[in-house]
Amino acid sequence: MLQFNAVVLITTNICNLKCRHCYPASGPSRSEAFTYGSNKTMTAQQAEHYIKQIPELKNINQRIHFSGGESTLFAQEFRALVALGKKYGLRVSVTTNCSWAKDQEKADNFIEDLARRGLTRIEISLSVFHQEFLDINYPIRAIRACKKHGLEIILRPIVTKTASIAKTLQAIPPKDLEGTTIAVSKCMPMGRAKSEIPPDEFVYPEIHYGGCQKILNLTIRQDGSVYPCCAGSDITNALRLGNADRESLRDIIARAELDPLLVALTEQGPRYLAELLRETGGKDFLKEKHVNICHLCNDLFIDDEIAKQVRTALADRVGKGLKNFTLVSLPAHSII
Ligand code: SF4
């Protein structure tokens, strides 16, 4: 059974910054189509249609998380979206670059209002790449405002070899770091980062076996597209699970749970699929360096043709393994 940590709503691709590391390639354009997603923003009516289904879904933690782009840019709509979480009894969190914290008073007022509407946690995007656009005083003011109004604070530094965690956090007074959680992520060479950050900047460990079942978030983009995570599957076609404007989340999840590709990806992991692809004469991605399993996953699924080859290689393997069996699908706990 697939288990999701939260429902992530990507409400917009628009961002006031255009950071070099950003894999969904978000940016300020309001008129052009984006590389991934679209220039459409999620309406409160649309979001409520998704959110009201969550309390009935047992394999999703009762939490919604807003992401983008910068979802707080559309402040009026964002306030309405946060209030929806409270209406349906869900915990609510957001990832933000803190560009709303123009001075301490503005930051305090913004956070006070969101806390009253039900925001319980804030995840602050931080990196030297953000700091090329926005000085560190914005996140510092945001941290102070969140502490004042009792929000849980997660700092999310994105690091490369030279954009280290120490360099990212060095200008934040130690007192402001007290009581926060620091969750570091390695920058992945995907989306804009692939073209704008030199390849030798990324940190490449050995990629091991293992799937991603513990880090899944049911992710819904502003056009209703649904994905198993917000770690890279959300910019592929091949890992799109369905569209929540046309089907219920329950039906989309039920179909995903029966998809051998999703099962193999989340349980065995991208390395297993990369080996199958190599064995069947496809591209050998294991010869290349990868930052983590999600980077390898992106290599396997960002190109529709290669993704099709991966699916075919898996179908062949499943077919061979099962040739002496009869495969039936039954509801859980049923007997025959
Ligand atoms: S391995 Fe792929 S599907 Fe799994 S969390 Fe990473 S990007 Fe998402």
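Some housekeeping before we start. Residues are numbered from 1 along each chain as its sequence is written. Since the model is predicted, local features need pLDDT of at least 70 and side-chain atom pairs count only at pLDDT 80 or more, while totals for chains, interfaces and linings use all residues.

So, confidence. The protein chain has an average pLDDT of 92, and 94% of the residues score at least 70; pLDDT is the predictor's confidence in each residue, from 0 to 100. Please look at residues 327-332, where the pLDDT is below 50. Beyond near neighbours in sequence, that stretch has three contacts in the model, a contact being two C-beta atoms, placed from the backbone, within 7 Å. Where pLDDT is low, the predicted coordinates should not be read in detail.

Now the core. The largest nonpolar core has 89 residues; such a core is a set of buried Ala, Val, Leu, Ile, Met, Phe, Trp, Tyr and Cys residues joined through C-beta atoms within 7 Å. Buried requires 20 or more other C-beta atoms within 10 Å, exposed is 12 or fewer, and partly exposed is in between. Among the residues with the most contacts inside this core are Val7, Tyr50, Cys146 and Leu300. Setting aside neighbours within four places in sequence, Cys146 touches Ile111, Ile122, Leu151 and Ile153.

On to the ligand. Which residues come nearest to the ligand? They are Cys212, Cys229, Gly232, Cys294 and Cys297, out of 13 around it, where near means a C-beta atom, placed from the backbone, within 6 Å. By class, this shell has 11 nonpolar, two polar and no charged residues. Nonpolar here covers Ala, Val, Leu, Ile, Met, Phe, Trp, Tyr, Cys and Pro, charged covers Asp, Glu, Lys and Arg, and the others, Gly among them, are polar. Helix α12 (residues 293-301) gives the most to the shell, with three residues; helices are DSSP runs of H or I, at least four residues, and strands are runs of E, at least two, numbered from the N terminus.

Last, the helix pair. Helices α2 (residues 75-87) and α3 (residues 104-117) pack at about 35°, axes 8 Å apart; axes are fitted to C-alpha atoms over the stretch in contact, and angles run from 0 to 180 degrees between N-to-C directions. Arg79, Val82, Ala83 and Lys86 of α2 meet Asp113, Leu114 and Arg117 of α3. Asp113 counts as partly exposed because it has 14 C-beta neighbours inside 10 Å.

Thanks, everyone!
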